[in-house]
Amino acid sequence: MWEQLSGQMFFIGFFGLAAVWFGIVVFRTYSMVRSALALLFSQTALGAMFLSMQAEFLGVLQIMMMATEMSIMAIFMVMFMMDPGGLGKMEMTHQKRLSLGAGFVSFITAVVVAVFVDWGPVVSLAPDAGQQTVDLGLELLGRSMLIFETAGITILTAMIAATAVAIKPISRSNKHGS
Amino acid sequence: MGLELILALITGAALFGVGIYGALSQTNLVMIMMGVELILAGAMVNLVAFWRYLHPDNPAGQMFVLIIMTVMAIEMAVGFGVAIARFRAKGSVEMEEAVELKG
């Protein structure tokens, strides 16, 4: 039992550290493609961390979703950046000191809350992966159905709106074929 | 066991801090979106840790993680839509050039 708990702690720490390290690399590299890949690795490490915390369904979902999302982001990076390879070492930051301060203060505040708040008794055992998926399915199609449906409609609306914003406006002359 | 919860919460805090730095310091719209993704990832770690170590018998915790994932996807879709529109209009997605949006 003790060995199993230590293993879980090790993997949470290891993947957590990897996620934070790759998160930092996102803003340290000049190459935008590397930035997108670093974010992909950060999110994948997070998925592995979820698996270590016995949230199997969410872990696999996170890895699958983020792999696709970040690949699309890498394509957009190549499309939109003036120097996607980072060979010119362009400076693309502003208000650096303020941002560092804000990030550091929010990190310290969250750590103080995490360490000093009494979170109550910790539960050592979690339901197995199959039971978790069944419970989540029943939750989504039962008590939380309205929230789930709202999320679905919102994402559909966002996709349609994003496509509508992104498509090239048709000029009147083109519309009539002249 | 409490140590695992603290470890996960500290990871969430670190991701949140890095995300705040990225969202505030970057001048490119796509890089700002990357910062926001990291902020949401920090929130997601906290939710999974709270579900696992405090209420593993209540699937509502996992449901909230799914909502955060939806928010991430929506942010990407809308952000890229805006980026394409901006690039088409001005030829760049540098936010320092978007001075006409200033109130």
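## The largest pocket

By class, 14 nonpolar, five polar and three charged residues make up the lining of the largest pocket. Keep in mind that this is a predicted model. The space inside that pocket comes to about 520 Å³. Of its 22 lining residues, the ones closest to the centre are I24(A), F27(A), R28(A), K96(A) and Y21(B).

Where does the lining come from? Three helices each supply at least two residues: α1 (2–26) and α4 (96–116) of chain A, plus α1 (2–25) of chain B. The top contributor is α4(A), which gives five residues.

## The second largest pocket

From chain A, its lining takes M65(A), T68(A), E69(A), I72(A), F76(A), I155(A) and M159(A), and from chain B it takes A73(B), M76(B), A77(B) and F80(B). Two or more of the lining residues come from each of α3 (56–80) and α6 (145–166) of chain A and α3 (60–90) of chain B.

Which helix gives the most here? That's α3(A), with five residues. Sorted by class, the lining of this second pocket has nine nonpolar residues, one polar and one charged.

## How the two α3 helices pack

So how do α3(A) and α3(B) sit relative to each other? Their axes come within 12 Å and cross at roughly 10 degrees. Angles under 35 degrees count as roughly parallel, and therefore α3(A) is roughly parallel to α3(B).

On the chain A side, the residues that meet α3(B) are F57(A), L58(A), L61(A), Q62(A), M65(A), M66(A), E69(A), I72(A), M73(A), F76(A), M79(A) and F80(A). Facing them from α3(B) are Q62(B), V65(B), L66(B), M69(B), M72(B), A73(B), M76(B), F80(B), A83(B), I84(B) and F87(B). By class, this contact has 20 nonpolar residues, two polar and one charged.

## A buried glutamate

E139(A) is found in helix α5 (residues 129–140) of chain A. Is E139(A) buried or exposed? Its relative accessibility is 7%, and because anything under 20% counts as buried, E139(A) is buried.

What does E139(A) touch, leaving aside its neighbours within four places in sequence? Within chain A it is in contact with S144(A) and M145(A), and across in chain B with P59(B), A60(B) and M63(B).

Technical notes. Residues numbered from 1 in each chain as written. Chains lettered and ligands numbered in written order. Predicted model: local features only at pLDDT ≥ 70, side-chain atom pairs only at ≥ 80, totals over all residues. Heavy atoms only, no water. 1 Å grid on protein atoms, 1.4 Å probe; cavity = no way out; pocket = protein on both sides within 12 Å on 5 of 7 lines; lining within 4 Å. Points joined across faces, edges and corners; volume = space filled by probe spheres on them. Helix = DSSP H or I, 4+ residues; strand = E, 2+ residues; numbered from the N terminus. Nonpolar A, V, L, I, M, F, W, Y, C, P; charged D, E, K, R; others polar. Buried < 20%, exposed > 50% of the residue type's maximum accessible area, 1.4 Å probe, protein only. Contact = heavy atoms within 4.5 Å. Axes fitted to C-alpha atoms, helices over the stretch in contact; angles between N-to-C directions. Parallel < 35°, antiparallel > 145°, perpendicular 65-115°, else oblique.
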